[in-house]
Amino acid sequence: MINTLRRKFILVSVSTVTFVISAVFIIINFLNYNNISSRSDEVINKFKNEPILLREIIENGTENGSRGIVSSDKNFYNGFFIAQITDYNQIINIYNRDNSVGIVKAKEIIQEALDENNDGGYIDYYKYGYVDYGIEKYIVCANVERELGIFYQFLTNSIIVALVIIIVISIILVISSKKIVEPIEINYEKQKQFVTDASHELKTPLTIIISNADVLEMEVGKSKWLDNIHNQIERLTHLINSLVAFSRAEERENLIKNNFSMTNLVKSRLEDFQELANFKDKEIVADIAENIFYSGDKQTIMQVIDILLDNAIKYADDNSIINVNLTSNKKSINLVVRNKTEGIKEGDLSKVFDRFYRLDESRNSKTKGYGIGLSLAKLIIDRHKSQIKAYAPKDDEFIIDIKFLL
C-alpha cells in the first residue's frame, strides 16, 4: 500500500509540475509568436495605411532598402516583394525588393498565396496581404524568416529547458518521496500492528467468556441471556477475523498469478453456497459461460466470489432469486451478482465498498454484518487492476458487477 501511495504521489506531483511548466512555456511562446506576428503585420499595414508609399517604392527602387522604411523599429528590416494583380488574381508585374529570393521563387510564392484565396497569412517564411491603390490591386509578401527563425529557436530551447526541469524535478521527487511518505508509513504500520495486537488480545478473553458461558449453560441450562452471550461472541469473533483478513490483504503487495478456469471456480463456489441459500429460503440461479480462463491470484479471487455470494444470501429478500452470471469478451471477464433487497434506492451504491459502511443499519443488525467484506473484495479487485461497481438499476434491486480486465 505504501509503495502504491508513493507511486501515486510521484505521478501526481510530476503531472502537476509538467502541467504548470508546460502552461508557462506555452503562454510565453504564444506571446512571443503574437509579438512577432504583430511586427510582421506592421509591414503589411504600412502599405495599407499609406498606399502612396507603395507607389514610391515601386518607382524608386533604390529607397526601399533603407532600414525601417516600413517599420517603426529602425533596426527591424524586412525584405519584401510586391506583385500587381488583376481582379481575377492574375499576376501583371512583380517588383522584387528581397535579395534572398529570385524572381521565379517570388512568383511561386505569390501564386501560392493567390491560390489560398485568403485576405492574408503565411507562405513559407513570407507574410502576405493585399493593398488597393486606386483602381490598382497589389499583393505584398514580407520576408519574416529571421523573426520566425528566432521564434522557432526559442521554441526549441523552451522545450529542452522544460524537459530538463521536469526530469530534474522528477528525480528529486523520486528521491524525496520516501522521506515524504515516511510519516504515513509509520502511522500505517502502527495501525496494522494495533489491529493485529488487538485481535490477539481480544481472542483470549473471548475464549474465556465462551468457556464460562458453556460451563454456565451446563449448570443452569439454556436461557435467552446465555443465547445472547453466544450471539455476541460469534459477532465479535467474526469481526476480529474480518479485520485480520483485511489487514493481511493490505500487506500483500504482490499477487501470485496463475492461469485457471474461472468457469470451474465460480461453479464450485456456487455448489458450496447453494445449500446455505436453500436453508435461508432463497434460490441461486446461475448462467455460467463455459471455457473462461483468467490469470490471477486464484485464492483471493475465490475469496471475492465467496464475499459476493455470502453478501447476496444475507441481504436478499426472503423467498427471492439470486442471479449469478459469468460472461466474457475480448477485453474482460464479467461476473454479475443480482438480488432483490427491499429498501434499496435506484442509483450508484459505490459507498458499500467503504469500510464499515452498511446500507440499512436496522436490517444489517440482524444479519451480523460489519461492512468489511465488500471493502475487502474491492481491495482484491483493485490489486488485480480490474473494476468493481455496485448500483441499483431500480428500487429494491442490488447489483455488483465485476470486470476482470484481460
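Here are some notes on the structure above, point by point.

1. **Before you start.** This is a predicted model, where local features need pLDDT of at least 70 and side-chain atom pairs count only at pLDDT 80 or more, while totals for chains, interfaces and linings use all residues. Residues are numbered from 1 along each chain as its sequence is written, and side-chain values use heavy atoms, with hydrogens and water left out.

2. Let's begin with β5, which covers residues 136–143. Helices here are DSSP runs of H or I with at least four residues, and strands are runs of E with at least two, numbered from the N terminus. In β5, 6 of the 8 residues are buried, so the strand is largely enclosed by the rest of the structure. Buried means under 20% relative accessible area, exposed means over 50%, and partly exposed is in between (1.4 Å probe, protein chains only).

3. **The open sheet.** Now find the open sheet of 6 strands, in the order β7-β9-β10-β13-β12-β11, with mixed pairing. Its edge strands are β7 (283–288) and β11 (347–348), each of which pairs on one side only. For β11, the partner is strand β12 (residues 387–392), in the antiparallel sense over 2 bridges. Aspartate 348 stands opposite tyrosine 391 in β12.

4. Most residues other than glycine have a negative phi. Asparagine 319 has a positive one, near 55°, and lysine 385 has a positive phi of about 55°. Asparagine 319 lies in the loop between α7 (298–315) and β9 (321–328), and lysine 385 in the loop between α9 (373–383) and β12. Asparagine 319 is exposed, at 65% relative accessibility; lysine 385 is exposed too, at 69%.

5. **A nonpolar patch.** Which residues form the nonpolar patch on the surface? They are Phe19, Val20, Val24, Ile28 and Phe154, with about 450 Å² of accessible area together. Patches are made of residues with over 30% relative accessible area and no salt bridge, joining like charges within 9 Å and nonpolar side chains (Val, Leu, Ile, Met, Phe, Trp, Tyr) within 5 Å. A salt bridge is a side-chain nitrogen of Lys or Arg within 4 Å of a carboxyl oxygen of Asp or Glu. Accessible areas come from the Shrake-Rupley method with a 1.4 Å probe, and for residues only the protein chains shown count as cover. Helix α1 (residues 2–49) gives the largest share of the patch, 4 residues. Valine 20, found in helix α1, is partly exposed at 44%.

6. **A negative patch.** Glu108, Glu112, Asp115 and Glu116 form a negative surface patch. Asp and Glu count as negative and Lys and Arg as positive, with His and the chain ends not counted. Glutamate 116 is in helix α3 (residues 103–116) and is partly exposed, with a relative accessible area of 35%.

Terms used:
The place of a charge is taken as NZ of Lys, CZ of Arg, CG of Asp or CD of Glu. Two strands pair if DSSP finds at least two bridges between them.
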